[in-house]
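The following note collects points on the fold and packing of the structure shown here.

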Amino acid sequence: MEKIPQQNFRWGYAIFVLLLLSILGFMAVGIISLFIGVDVESLSGNVALIPIEGVIVGTRDSGFLFDSVTASPDTVELIEKADKNPGIKAIILEINSPGGSAVASEEIANAVRKTNKTTVAWIREVGASGAYWIASSADYAVANRASITGSIGVIASYLEFPGLLERYNVTYQRLVSGKYKDIGSPFKEMTAEEKALFQQNLDLIRDFFVSEVAKNRNLNKKDVDKIANGLFYLGMQAKEIGLVDEIGGKEEVVAYIEKKEGIKAELVEYKKEKGLFDILSEVMGKQSFFVGKGIGSSLFDKKPSASISITT
Amino acid sequence: MKRLNLPKEKSFIGPALLWKRIAAFFIDIAIINLIVLFPFRSLFQNIIPKDYSFSEAYKLLSSSTDYTGFISSVSFIMSVLVVLYFFMLERKMGQTIGKMIMKVYVVSDNNSLKPWQMLVRNIIFIPMFPFVLLWIIDPLFMFFTKTNQRLTEILSRTRVVEKYSFEQ
């Protein structure tokens, strides 16, 4: 015959266990929120607000820690996430950017066009160049009266200093296999032929930019071509020439969405949150990379000296 | 004629009745859900809007690797807390709150309950392969063994018993 268990149930111990596990649960929730890059508080709501801030770049690690940049892979991911979320009825692009990489701008503009949700571009202070390209891809564009918009054009200017090198008796030893391999090198003077070729490519990108804006805004390409001279327009001027649909701010944007979708808009910010691990690994990664190069110079010298970037 | 001096009450222990075991389990799950997993409820409510159907919630959670990684981490931590609930109470007192209410006990085939036995009998709560396979197999054993033991109870050499008594 088996022995009857002699242990007596102790309520004090049971309550202690429940309290302990509950506290552990609260701590776990806090730690999870801190370490994993998911902003759990921001996942409710029916209108996604996606910021397009600072320079538009094509890679995630372009900004130094707290620099305000918009990395196209992150933004495209956020747009797709909002598009897949059945609770989100509309997407607002809160734009405050002077533009940036032509490729990155196009990637974001394509993602905006592909969504099945209502998209509204809200230009606050600046929505110029590449940022305007993105704004034009939305279903509706609202801009502040005094905001800077437009600036449709392409730029690839750079400093050229062969004269300076010569003055200090530094010679550029040209070793290339391929006639145009070092086109755009700041250490040598650009030939007329190279310049023409470069200009040809810039014109091609500009032409594509103009076509995209005309298509997105349902405008005549010739009309857009006339205003695509790189000049910026104030919000009120942009409204007159058809670059934006309405003058206003957040209220006008929300009113448009509520009317179109027949909903009471609850805005929720979609932002790429960096977890503690992300920030630490970013800092560690940058520090490791900059050892030897000089941490001081690394903070300011962000671009390789012999490269040209085409920005819109 | 002289009568034998037998005890008035005779008692012995045997396998706990199935319905008592099931009732004890649901009481424990209710308590765990109310108290231990309470912090996680608000976390999930923030992610999944209340009016979402199951398919909508599934679509949302599978829309990004962020969500799936997040759900996996949270599920794992929740399961650890559930295992700890059973582990701490059964190890110390041989009973959880549900078992105490239903008056059933966990006993070891050996003398006392060892930590490894507690872990093995509660490993079913970890939502990872291959343990998830036990979610169906493990309770089925209870219905087909004489001693009403689950598979993990057989492996851990433990049983859930109750005290039967009758008067002579």
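1. Two residues are in contact if their C-beta atoms, placed from the backbone, lie within 7 Å. The buried residues of H3(A) pack against strands E2 (55-57), E4 (90-97) and E5 (118-128) and against helices H2 (72-84), H4 (130-136) and H6 (192-217) of chain A. Helices (H or I, at least four residues) and strands (E, at least two) are DSSP runs, numbered from the N terminus.

2. The model is predicted: local features need pLDDT of at least 70 and side-chain atom pairs pLDDT 80 or more, while totals for chains, interfaces and linings use all residues. Residues are numbered from 1 along each chain as its sequence is written, and chains are lettered from A and ligands numbered from 1 in the order in which they are written.

3. Chain A contains 11 helices and 10 strands. Of its 312 residues, 33% are buried (20 or more other C-beta atoms within 10 Å of the residue's own; exposed, 12 or fewer; partly exposed in between; C-beta atoms placed from the backbone).

4. The buried positions of H3(A) include Ala102(A), Glu106(A), Ile108(A) and Val112(A).

5. Ser185(A) lies in the loop between helix H5 (162-167) and H6 of chain A. Ser185(A) counts as buried because it has 20 C-beta neighbours inside 10 Å. Ser185(A) and Tyr158(A), 27 residues apart in sequence, are 9.2 Å apart in space, C-alpha to C-alpha.

6. Ile92(A) is among the residues with the most contacts inside the largest nonpolar core, which has 58 residues (a core is a set of buried Ala, Val, Leu, Ile, Met, Phe, Trp, Tyr and Cys residues joined through C-beta atoms within 7 Å).
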